[in-house]
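Here are some notes to read alongside the model. Keep the structure open and look up each residue as you go.

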Amino acid sequence: MIKISGYAAKDAKSPLVPFSFERRLPGDHDVQIDILFCGICHSDLHTARNEWKHTLYPVVPGHEIIGRVVKAGSQVKKFKAGDLAGVGCMVGSCGTCENCRDNEEQFCTGGTIFTYNSADPNGGVTYGGYSKAIVVNEKFAFQIPANLDPAKAAPLLCAGITTYSPLRHWKVSKGQKAGVVGLGGLGHMAVKIAHALEARVVVFTTSPSKKEEAHRLGADEVVISNDTDQMQKHAGSFHFILDTVSHSHDLNPYLNLLKRNGVMCLLGAPENPHPPVSPGNLIFKRGSLAGSLIGGVRETQGMLDFCGKHNITSDVEVIPIQKVNEAYERMLKSDVKYRFVIDLNSLK
Ligand code: NAP
Ligand code: ZN
């Protein structure tokens, strides 16, 4: 076993603190990665504070990981020591169920093994990227395009794929109007990717201070979502709306903006449910309310290659790990532009 230092939440109420634990030695198909950077996703906070009621403590969050391969098992084909590699939200799946065979490992019916807070088939619980190193089967490690800055590319491993996957699944493209609700970590990636897909992008934000920046990120229009007049101007006009909000909120004002056959896709997973949806908001336009979960392994590499080609990375604020608790509080206040990324060099 290898001794690793990291940061963990030990219960729902206390701040994250230094924590040391063990990882397996790399097997024939594994790579051992020294972690350089790890993004802070709102899911880390939901989990650390047990908002989804399934946290196994102590939990070491972090699933937007970029690092350097230091060891590669004898059967590893994609990597050699010295390569840059990424790890996202998953580290394993059964590989044989219908969803795995369709390269949608995130829906593995045998049980996706998530990067943290999952039972680890090798024993214990999986620990994430708020740590010095990770050992992972090479299938769940990704090649990072050489032109992308590693700190800014880290958030692609969750925020990038989570927004790319539905935008591709619902074929958002030129000539379409796409909405992005919430300009946080996921939201700002959605804006960049939808813009690269040549859709007309409209951002819905509760933060008037983000208006100018939204344009810089690629938005064609910005709507302050609690301004009813501004919202009403867009009634019945959207092909697609991607909702990235981390808190419970009323979906009806957005469903009202869909056009015939329009789709609203939920990504945010708040602690408490949204208020009820009024059926008429869907029936009278054959609208759909959908959801999406990260993306499969093949699609994640496709997203990274797409971002490499279009030079898309995240706007980040790099912090030492000692500031992780402060970062959580700021994220709750939507005070981050637009993703905190931990520099693991700060952890001894
Ligand atoms: P984030 O950076 O905190 O962004 C969330 C944004 O939502 C905020 O920046 C804010 O945008 C808006 N918001 C926050 N509170 C709000 C409120 N009370 N009412 C309206 N808007 C509010 O979070 P994130 O990392 O992007 O994650 C967003 C959500 O997606 C989380 O619930 C996370 O767990 C979930 N998630 C889901 C998946 C998946 O696979 N489906 C993957 C990753 C994350 P404005 O300031 O612009 O209003
Ligand atoms: Zn995430």
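**Notes on the model**

1. Let's start with His46. At 3% relative accessibility, His46 counts as buried, where buried means under 20% relative accessible area, exposed over 50% and partly exposed in between, with a 1.4 Å probe and protein chains only. His46 sits in helix α1; helices here are DSSP runs of H or I with at least four residues, strands are runs of E with at least two, and both are numbered from the N terminus.

2. Some ground rules before going on. This is a predicted model, so local features need pLDDT of at least 70 and side-chain atom pairs count only at pLDDT 80 or more, while totals for chains, interfaces and linings use all residues. Residues are numbered from 1 along each chain as its sequence is written, chains are lettered from A and ligands numbered from 1 in the order in which they are written, and side-chain values use heavy atoms, with hydrogens and water left out.

3. What does His46 touch, not counting residues up to four places away in sequence? The list is Glu51, Trp52, Ser246, Ala269, Pro270 and Glu271, with contact meaning heavy atoms within 4.5 Å. His46 also reaches the ligand: one of its polar side-chain atoms lies 2.8 Å from an oxygen atom of ligand 1.

4. From Thr205, a polar side-chain atom comes to 2.5 Å from an oxygen atom of ligand 1. At Leu267 the backbone takes part, with a polar atom 3.0 Å from a nitrogen atom of ligand 1. On its own, ligand 1 exposes 920 Å², and the protein buries 89% of that; these accessible areas come from the Shrake-Rupley method with a 1.4 Å probe, and for residues only the protein chains shown count as cover.

5. Which elements give two or more residues to the shell around ligand 1? They are α1 and α5 (185-196), and α1 gives the most, with 3 residues. In total, 29 residues surround ligand 1, and the closest are Thr205, Thr206, Ser207, Lys210 and Arg339; a residue is near a molecule or strand if one of its heavy atoms lies within 4 Å of it. The shell divides into 11 nonpolar, 16 polar and 2 charged residues.

6. Now on to helix α11 (residues 324-332). Its buried residues are Val324, Ala327, Tyr328 and Met331. Why are they on the same side of α11? Because they cover an arc of only 105° around the axis, the arc being that of the directions from the helix axis to the C-beta atoms. These buried residues of α11 pack against β1 (2-8), α1 (42-48), β16 (316-320) and β17 (339-343).

7. Arg330 is also in α11. Leaving aside neighbours within four places in sequence, Arg330 is in contact with Glu317, Asp335, Val336 and Phe340. With Glu317 there is a side-chain polar contact of 2.9 Å; a polar contact is a pair of N or O atoms within 3.5 Å, and within protein one must be able to donate a hydrogen and the other to accept it, with residues adjacent in sequence counting only if both atoms are side-chain atoms.

8. Ser334 is not a glycine, yet has a positive phi of about 55°, and lies in the loop between α11 and β17. Is Ser334 buried or partly exposed? At 38% relative accessibility, Ser334 counts as partly exposed. Tyr338 is found in the loop between α11 and β17, and a cis peptide bond joins Lys337 and Tyr338, with omega about -10°.

9. A cis peptide bond joins Tyr57 and Pro58, with omega about -5°, and Pro58 lies in the loop between α1 and β4 (65-72). Ile294 is a residue other than glycine with a positive phi, near 25°. Look for Ile294 in the loop between β15 (288-291) and α10 (297-310); at 9% relative accessibility, Ile294 counts as buried.

10. Finally, Cys100, found in helix α2 (residues 98-101). At 4% relative accessibility, Cys100 counts as buried. Not counting residues up to four places away in sequence, Cys100 touches Ser93, Cys94, Gly95, Glu105 and Cys108.

Terms used. Nonpolar A, V, L, I, M, F, W, Y, C, P; charged D, E, K, R; others polar.
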